[in-house]
Amino acid sequence: MRIGITSTIPGEIIFAAGNILCDLNNIFITSPDPGHFIEIAESRGFPRTTCAWIKGIYGVLQEKKIDTVIVVSGGDCSNSIALGEVLDDDGLHVIAFSYPAQPDPAQMTIALNRLAAEFGVSASATATSKMRFDEIRRNLAELDRLTWRENRVSGQDNFSWLVSASDFNQDPESYQRELKTFLRQAATAPPRRPALRLGLIGVPPILTNLFAILEELDAEVVFNEIPRQFAMPWAPESSLAEQYCRYTYPYAAHFRLKDIMRACEERQLDGLIHYTQSFCFRQIEDIIFRRGLPLPILTLEADQPETIDGRTLTRLET
């Protein structure tokens, strides 16, 4: 079965059950015309002020053949909960997955066991799946190292590979082969010499040319916060429960703050861009990051999938 997800979940279990994992966000934003999916959702009654990602997911599900949808009902946003209710009312098979309120291994084990029982997956099958994924995650850790330490991988390529780790492009074997090929080429690429080393924090930006504009301004993103979280480079050192406890996205902002502060120091960042999605509760977390982080922060907000407008370009240049 093709299993759609609204946010990153323990995909090891889904693949162990012999299913195909599909991150609906990736299908939406990589479409030649993502705005089409938003139009579908709005034509079905979604308000204009609803997050574009939520509307995009809904639009994708109206056109793509997805058997089941896993909605993250705890650790994402209330919009996802309401989306799940609408999808259930539409007749789709909806499964709720909730991260614990705190990153506690015992509570995480309960959540993992509940998901495994939903798909009839044994502990040994999940462990085998985790070993396969761990090998991919080691390679993603090397790609990240080639980005920030050796400057051989661009911020755009870093982002693209890491963000797609949420579902490994629906085909882990092909993803791994292509990743190994990319790493061989990157290992001998000439080092990049940007004037500024930046970190991009916050949800993955809906702006389609952000990285290209930054390169034109002689700046390079050497830390993609949330995509790196999707890649989970620490996974080979952890049990499955510990792996998803270290995944900061579902938890309070201060867990993310610690991870970002380590990156600021280790990667010698000059500044941060905090991307916030219009109509998203995570915009409020900008207050915490500005209070707690030691570097200059530029906050960017956008709503629709589009290129950077003149006002945003001026702010980046300034």
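**Exercise 1. Which residues line the second largest cavity?**

*Solution.* The model is predicted: local features need pLDDT of at least 70, side-chain atom pairs count only at pLDDT 80 or more, and totals for chains, interfaces and linings use all residues. Residues are numbered from 1 along each chain as its sequence is written, and side-chain values use heavy atoms, with hydrogens and water left out.

Step 1. On a 1 Å grid over the protein atoms alone, a cavity is a set of points where a 1.4 Å probe fits but cannot get out, whereas a pocket is an open set with protein on both sides within 12 Å along at least five of seven lines; a lining residue has an atom within 4 Å of a point.

Step 2. The lining of the second largest cavity consists of G202, V203, H274, Y275, T276, Q277, C280, R282 and Q283. Its volume is about 40 Å³, a volume being the space filled by probe spheres set on grid points joined across faces, edges and corners.

Step 3. Strand β7 (271-277) contributes the largest share of this lining, 4 residues. Strands (E, at least two residues) and helices (H or I, at least four) are DSSP runs numbered from the N terminus.

Step 4. The lining divides into 3 nonpolar, 5 polar and 1 charged residues. Ala, Val, Leu, Ile, Met, Phe, Trp, Tyr, Cys and Pro count as nonpolar, Asp, Glu, Lys and Arg as charged, and the others, Gly among them, as polar.

**Exercise 2. Is helix α4 largely enclosed or open, and why?**

*Solution.* Step 1. Helix α4 spans residues 52-63 and reaches 17 Å from its first C-alpha to its last, close to the expected 16 Å; the expected span is 1.5 Å times one less than the number of residues.

Step 1. Because 10 of its 12 residues are buried, α4 is largely enclosed by the rest of the structure. Buried means under 20% relative accessible area (1.4 Å probe, protein chains only).

Step 2. The cover over these residues includes α2, α3, β3, α5 and β7, contact meaning heavy atoms within 4.5 Å.

**Exercise 3. Which residues touch the most other members of the largest nonpolar core?**

*Solution.* Step 1. Such a core is a set of buried Ala, Val, Leu, Ile, Met, Phe, Trp, Tyr and Cys residues joined through side-chain atoms within 4.5 Å.

Step 1. Among the 88 residues of the largest core, I70 and L140 touch the most other members. Its largest share, 7 residues, comes from α4.

Step 2. Leaving aside residues up to four places away in sequence, L140 touches W161, L162, A165, F168, Y175, L179 and A231.

Notes. Buried means under 20% relative accessible area, exposed over 50%, partly exposed in between (1.4 Å probe, protein chains only).
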